[in-house]
Amino acid sequence: MLSAVRTCLLPAVGLYLLGLKVLLVQLFSTRLRLPAMPRQDGKVAIVTGGGRGIGYEVARHMARLGAHVIIAGRDEQEGLAAVRRICEEYKKAKVNFNKLDLASLQSVRQFVQKFKEQDLPLNILVNNAGVMLVPEGCTEDGFEQHFGVNYLGHFLLTWLLLDTLKDSGKCGDFSRVVNVSSSAHRIGKIQLNDLNSRQGYSAHAAYCQSKLAQLLFSSHLNKELQRGGFPVSSCAVDPGMVDTALYRHLWTPLRLVYSAIAHLLLRTPEEGAASVLYTALSPVLEGEFGGDYWANCCREMTTPPTFDPQLQLSLWEISLQLLACSSSGLKADKQDSSLKSTSDTDTNSS
Ligand SMILES: NC(=O)c1ccc[n+]([C@@H]2O[C@H](COP(=O)([O-])OP(=O)(O)OC[C@H]3O[C@@H](n4cnc5c(N)ncnc54)[C@H](OP(=O)(O)O)[C@@H]3O)[C@@H](O)[C@H]2O)c1
């Protein structure tokens with residue numbers, strides 16, 4: 001009984017209280033608007049989960065600014081419909097859909113292979129796709145779903161695309177990795193010995209853990225890139241509370257309340273996309289001014305675990321082990337060989 005309270009009830013109460021606080025702050029703040037951003041002609045961007053919600057608005061705005069946008073998602077119909085809508089709105093838009101299921105490491109690898117066959121640069125990678133409060137279940141490779149989709153799938157995607165990001169960035173025009181996290185990371189705990197929540201499942205705790213993991217990854221990656229002198233930065237961003245389908249797995253009574261009030265109280269997907277677009281496109285974040293954690297288009301301080309270098313490193317190393325990636329992947333010249341050697345040797349659990 002006591003352990004059920006600790007495992008399930010406390011994380012749920014924590015997340016709802018945090019949500020309430022974020023909502024109140026949001027309601028009493030001025031409406032978030034994206035400042036004018038520079039044209040992106042010639043740039044190539046990948047937006048995961050760009051078929052709907054915040055990701056769709058990010059893809060749409062980037063296409064409007066002239067970027068070639070690749071919407072990466074698991075639902076082909078939804079992705080193609082998003083491409084059609086954007087092309088109807090902006091006749092000159094350059095948008096494609098490519099299939100990517102972050103719950104399958106094989107799908108991530110196939111996506112990257114297909115992308116690389118096109119021989120395109122990659123200037124912006126927006127790791128946006130996500131799931132929240134999904135029932136207990138596993139990804140194709142046996143990882144807990146929040147951990148596998150929100151964090152590990154994006155880790156592998158970024159890792160496999162690092163060489164292209166590095167080749168596409170230059171001094172004064174860095175490539176950018178934008179990790180769409182959440183204020184929920186503030187109450188997240190990284191269970192290094194139970195990343196897949198096998199010792200007791202709480203969907204709330206698993207979501208918060210995955211969002212903290214994204215921040216730790218983002219920060220460590222940025223440090224490694226800076227240390228290596230590569231023209232790529234990595235930052236994390238909170239879009240705020242946004243009225244999207246992300247909330248569809250809420251407990252039924254809460255979902256009913258949500259559907260009645262969300263459109264009045266929460267941000268629209270377009271407003272939610274503002275901070276993501278700001279971190280992806282703003283000249284303010286150029287070069288060494290990139291990195292860190294952003295919310296409401298501002299750099300924000302966050303909780304101490306996020307800056308814990310030992311925690312960052314431990315999670316990084318465990319993730320590389322889980323994905324069977326060699327840590328030499330950050331060395332430009334060894335990237336290809338290190339990745340080739342990993343492709344057949346995924347491990348299945350933590
Ligand atoms: N909405 C908020 O209040 C809020 C607050 C903080 C942070 N965020 C973050 O913002 C990001 C975008 O969320 P949203 O609010 O726009 O939610 P959303 O409307 O539910 O969009 C999520 C997107 O992720 C995709 N996705 C889910 N699982 C996937 C998988 N296995 N492989 C590939 N794509 C997958 C979905 O595709 P399908 O259609 O195929 O499911 C969908 O396109 C998420 O990372 C979320 O954690 C949102």
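**A first look at the ligand shell, the sheet and its helices**

By class, 14 nonpolar, 10 polar and 6 charged residues make up the shell around the ligand. Here Ala, Val, Leu, Ile, Met, Phe, Trp, Tyr, Cys and Pro count as nonpolar, Asp, Glu, Lys and Arg as charged, and the others, Gly among them, as polar. What you're looking at is a predicted model: local features need pLDDT of at least 70, side-chain atom pairs count only at pLDDT 80 or more, and totals for chains, interfaces and linings use all residues. Residues are numbered from 1 along each chain as its sequence is written.

**Around the ligand**

- The ligand is surrounded by 30 residues, and the closest are Gly49, Gly53, Ala129, Gly130 and Thr244; a residue is near a molecule if its C-beta atom, placed from the backbone, lies within 6 Å of it.
- Helix H2 (residues 53-64) gives the most to this shell, with 3 residues; helices (H or I, at least four residues) and strands (E, at least two) are DSSP runs, numbered from the N terminus.

**The sheet**

- There's an open sheet of 8 strands with mixed pairing, in the order S3-S2-S1-S4-S5-S6-S7-S8; two strands pair if DSSP finds at least two bridges between them.
- Strand S3 (94-99) and strand S8 (298-299) are the edge strands, each pairing on one side only.
- Strand S5 (residues 175-180) and strand S6 (residues 232-238) run parallel, joined by 6 bridges, and Val178 stands opposite Cys235 in S6.
- Helix H6 (residues 203-228) lies across S5, S6 and strand S7 (293-295), at about 160° to S6; axes are lines fitted to C-alpha atoms, for helices over the stretch in contact, and angles run from 0 to 180 degrees between N-to-C directions.

**Helix against helix**

- The axes of helix H4 (residues 105-117) and helix H5 (residues 145-168) come within 9 Å and cross at roughly 25°, so H4 and H5 are roughly parallel to each other; that label covers angles under 35 degrees, while over 145 is roughly antiparallel, 65 to 115 roughly perpendicular and the rest oblique.
- Leu105, Val108 and Arg109 are among the H4 residues that meet H5, where their partners include Gly153, Leu156 and Leu157; contact means C-beta atoms, placed from the backbone, within 7 Å.
- That contact of H4 with H5 has 7 nonpolar, 2 polar and 2 charged residues.
- H6 and helix H10 (residues 309-322) also have axes that come within 9 Å, crossing at roughly 100°, and are therefore roughly perpendicular to each other.
- In the contact of H6 with H10, 7 residues are nonpolar, 3 are polar and none is charged.

Definitions and conventions
Contact = placed C-beta atoms within 7 Å.
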